[in-house]
Amino acid sequence: MNVQIQAEKSANAGMDVAEEFVIETRNVDVFYGDNHAIKGVSLNIPKHQVTALIGPSGCGKSTYLRCLNRMNDTIEGCRVEGEILLDGLDIYASGVDEVLLRARVGMVFQKPNPFPKSIYDNVAYGPRIHGLAANKDELDDIVLTSLERAGLLKEVQDRLHSMGTGLSGGQQQRLCIARALAVRPEIILMDEPCSALDPIATAKVEELIDELKENYTIIIVTHSMQQAARVSQKTAFFHLGDVVESGPTEKVFTSPEDERTQGYITGRFG
Amino acid sequence: MTEQTQDTAGSNWNSEKFTKGLAKRKRAEVRFRRIGLLAILTALTLLAILLFSIFSKGYTAFVQTYVTLDITFSEEVIDRNGTRDPEELRLANYAKLVQNALRAKFPEVTSRRDLRALFSLVSNDAADTLRDMVADDPDLIGRTVPVSLLAGDDVDMVTKGYIDRAAVEDDRRVKDRELAWLDILEADGDISLRFNRGFFTNGDSREPEKAGIAGAMVGSLYTLVITMLIAFPIGVMTAIYLEEFAPRNRFNDLIEVNINNLAAVPSIVFGLLGLAIFLNVAHLPRSAPLVGGLTLALMTLPTIIIAARAAIRAVPDSIRHAALGLGASKQQAAFHHILPLSMPGILTGTIIGLSQALGETAPLLMIGMVAFIADIPGSINDPATVMPVQIFLWADSPERAFVEKTSGAIMVLLGFLILMNALAIFLRRKFERRW
């Protein structure tokens with residue numbers, strides 16, 4: 001197994017020198033108590049691209065995603081084994097501060113979850129707790145830039161101090177993205193960010209993801225095959241806690257190597 | 001086609017059996033609804049009876065009988081030397097002025113016994129009233145002024161109709177001659193009922209007409225403040241720790257079970273605990289609101305912890321995840337988001353716990369807050385009593401006039417409880433959020 005990964009890695013390196021991996025995972029196992037949720041997953045995430053994680057419900061893709069910023073730590077009885085390297089450093093090594101890690105690896109959740117505070121305070125919360133702004137002007141600047149990047153600024157410009165929970169579902173989700181951007185992360189994890197949104201709001205978020213990949217590495221879990229095909233450059237297919245197939249999105253969708261992948265993307269199971 | 005429908009449906013919706021079953025189901029529903037209504041009506045009736053009995057007995061406690069007498073502030077009695085020295089005026093015998101006025105009103109009364117009965121028509125508080133008047137305005141000396149003086153408690157009872165004039169004289173506290181004097185005073189328009197300010201400004205007294213609940217109210221206030229200052233922060237911090245930080249293990253499960261059990265421990269046990277620790281070990285002052293507050297804090301803590309935990313648990317996980325996902329530490333997530341969002345629920349629980357403490361008697365008996373204390377406490381270390389204990393003390397007093405005082409004090413206590421609960425409802429309505 002190890003040898004195979006080594007070989008794969010060197011093959012990758014030889015094939016495409018430009019491709020740079022920001023996250024490398026090796027033999028990751030996750031247990032919820034006795035339940036072996038992820039079984040020896042090895043996956044590399046390329047920098048400044050969108051990687052989609054697809055697969056049927058309960059296949060472990062969300063669990064894998066939450067390993068990347070150690071959100072699994074908050075779940076009682078959850079145990080992670082293996083190596084997860086962020087820029088070559090093991091994020092589960094002792095001495096790694098998970099709070100700092102989560103500032104570098106932002107997260108957007110399935111259901112929009114703005115704080116019941118003003119739009120401004122929602123975005124400003126991250127910079128405030130990390131001390132990213134020296135004064136009020138800088139903070140204003142961060143908030144406005146983040147909202148602008150999330151494509152929300154125009155819609156909320158004149159009501160920055162009204163409640164974030166008063167926005168529509170799609171706007172709330174973009175607010176959550178803006179909130180994550182305000183902490184200046186390198187990577188953004190998205191856990192089915194559009195599953196609670198209508199098609200128009202979904203289109204907007206997808207457009208946003210496409211723009212964001214210029215500056216951020218994005219990993220998105222999605223149940224929608226079309227969405228994965230539309231927004232991602234890399235796709236990994238999870239099945240029963242294992243990565244069955246991963247590679248360029250186009251290849252996974254047009255000529256999958258594994259027949260389970262074939263079956264899933266054509267809608268025969270899942 | 002019909003055949004097929006019959007087969008697949010498997011039942012005939014018009015059959016007799018089905019119709020019967022339906023009627024039975026409906027009857028059962030109506031029956032249940034009626035029983036529920038009956039239960040609620042019974043409860044409301046009992047509540048109404050309770051309130052009626054308290055209010056009908058208690059409302060008279062808020063008025064008091066006054067006797068208007070022409071008082072002559074004669075110089076011979078109160079300022080024999082004519083110096084107008086305030087010290088001398090303070091020590092003078094003002095009761096004599098009242099007695100003189102009564103003598104003047106009823107010159108035919110001469111025997112010692114009758115005179116004593118006559119003088120008892122007016123409360124011994126009257127002398128103090130006159131003293132205050134003279135202190136305010138020494139020019140009164142030498143003049144005759146009509147003054148309304150607090151009547152004795154027996155007179156008060158007669159005016160309020162609590163003494164049956166038709167009863168045999170020997171069975172009556174107020175004898176015929178006293179009734180005759182009262183009738184004369186009444187006919188002259190000298191008897192009046194006025195709002196009883198003293199009830200709200202005086203401390204306890206052996207004389208019912210002078211007894212007030214101010215001392216008990218202040219005692220209750222001090223006690224509750226201590227209870228809140230101790231129980232609220234400790235309770236909220238405990239709840240946050242248990243909900244947000246404590247690992248799930250056997251030890252913490254044990255703590256949880258014990259907190260739930262503590263909420264059900266009889267309050268007198270907390271009183272014994274307070275007696276053993278605060279008085280016998282820590283040697284804090286007996287009968288003091290400080291000790292009462294500490295004891296009640298012990299009793300209120302489980303209530304606050306349970307309510308606060310429920311409120312914290314009601315904050316959705318998505319908020320925790322949002323904060324943690326931004327790189328907030330657990331503590332930051334707890335104090336920046338979860339605590340503010342659960343505050344309305346926590347405050348509601350705290351107020352309910354405090355109103356429980358406000359109505360508590362038993363544990364305070366154990367630490368000596370049941371003593372007769374006439375002074376209004378000036379600090380948390382002064383001996384004091386609290387409202388429910390005051391009610392208990394008055395209910396135990398033999399004088400007829402204390403019956404209405406008891407009900408009156410209950411009304412005031414109920415008023416405070418309603419206020420506190422209204423505040424809890426207001427806070428919940430105002431700050432409650434929905435997700």
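How far apart do the end C-alpha atoms of residues 408–427 of chain B lie? They are 29 Å apart, and the span is 100% helix and 0% strand.

This is a predicted model, in which local features need pLDDT of at least 70, side-chain atom pairs count only at pLDDT 80 or more, and totals for chains, interfaces and linings use all residues. Residues are numbered from 1 along each chain as its sequence is written, and side-chain values use heavy atoms, leaving out hydrogens and water.

The unreviewed UniProt entry lists residues 408–427 and 333–354 of chain B among its "transmembrane region" features; such annotations may be inferred rather than shown by experiment. Here are the two spans, with helices (H or I, at least four residues) and strands (E, at least two) taken as DSSP runs.

Now to a helix pair in chain B. Helix α2 (residues 16–58) and helix α19 (residues 401–431) have axes that come within 7 Å and cross at roughly 120°, with axes fitted to C-alpha atoms over the stretch in contact and angles run from 0 to 180 degrees between N-to-C directions. That makes α2(B) oblique to α19(B), as angles under 35 degrees count as roughly parallel, over 145 as roughly antiparallel, 65 to 115 as roughly perpendicular and the rest as oblique. In the contact (heavy atoms within 4.5 Å), α2(B) contributes residues including B:L51 and B:F55, and α19(B) residues including B:M411 and B:L414.

Conventions. Chains are lettered from A and ligands numbered from 1 in the order in which they are written.
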